[in-house]
Amino acid sequence: MSFERIFLVGFMGSGKSTVGKLLADSLGYEFVDTDLLIEQREGMKIGEIFERFSEEYFRKLELATLKDLLGRSRIVVGTGGGLGANPHAMDLMKEKGLVVWLDVPFDVFLQRCAEDPNRPLLKMGLEKLEELYTKRMEVYSKAHVRLDATREPQELVNQLLQILR
Ligand code: S3P
């Protein structure tokens, strides 16, 4: 199977950036993290974009950023947790490449991310976060491939390389 574009989706803390970089290196592909690209383009951290503008503004930016990347080839894209949970974005990614869901349990997400000041959604509180997590699973689960994100990043990359071979 050959894919020109691989999209990694999943909740915060699922390891999309770590796995994405390793995978891109193994394939000789470019790696792009949508959050980092947005931060570079806007000259601001994600937290600041949420504060100075709004979440809605950020959501528009991330969809536009994804659309810009759909035309590139030999690319691994690490998406923000909300982008892969957007049904329209999911459809676009599935049309253009292989979509891989890094499925992280809620408690593991908390262990990995609880203290991160640049993840504004953490401010919403535990109950709301868990609701969001449950709701997002419905969209993430439309991905072509599901991987257990509690595994070591290199192991996940090896699994993907086998699928892609
Ligand atoms: C978000 C996840 C973040 C970032 C933003 C919003 C979300 O990306 O895009 O803080 O809605 O889940 P990561 O999934 O890389 O943490």
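1. Of the 165 residues of the chain, 34% count as buried, where buried means that 20 or more other C-beta atoms, placed from the backbone, lie within 10 Å of the residue's own, exposed means 12 or fewer, and partly exposed means in between. This is a predicted model, in which local features need pLDDT of at least 70 and side-chain atom pairs count only at pLDDT 80 or more, while totals for chains, interfaces and linings use all residues. Residues are numbered from 1 along each chain as its sequence is written.

2. The chain has a radius of gyration of 15 Å, which agrees with the value near 15 Å that a compact globule of 165 residues would have; the radius is taken over C-alpha atoms, and the globule rule is 2.2 Å times the number of residues to the power 0.38. Along the principal axes, the C-alpha atoms fill a box of roughly 45 × 30 × 25 Å.

3. The secondary structure comprises 8 helices and 5 strands, these being DSSP runs numbered from the N terminus, with at least four residues for helices (H or I) and at least two for strands (E). In sequence order, the pattern reads β-α-β-α-α-α-β-α-β-α-α-β-α.

4. Strand S1 (residues 5-9) is mostly covered, with 5 of its 5 residues buried. Arg-5, Phe-7 and Val-9 point one way from S1, whereas Ile-6 and Leu-8 point the other way. In a regular strand the side chains alternate between the two faces of the sheet.

5. S1 runs parallel to strand S3 (residues 75-78), to which 4 bridges join it, and S1 also pairs in the parallel sense with strand S4 (residues 98-103) over 4 bridges; pairing requires that DSSP finds at least two bridges between two strands. Ile-6 has Val-76 as its bridge partner in S3, while Leu-8 stands opposite Val-100 in S4.

6. Around the ligand, the residues include Met-12, Lys-16, Asp-35 and Arg-119, a residue being near if its C-beta atom, placed from the backbone, lies within 6 Å. This shell divides into 4 nonpolar, 3 polar and 3 charged residues, with Ala, Val, Leu, Ile, Met, Phe, Trp, Tyr, Cys and Pro counted as nonpolar, Asp, Glu, Lys and Arg as charged, and the others, Gly among them, as polar.

7. Leu-110, found in helix H6 (residues 106-113), counts as partly exposed because it has 17 C-beta neighbours inside 10 Å. The C-alpha atoms of Leu-110 and Met-12 are separated by 8.9 Å, although the two residues are 98 residues apart along the chain.
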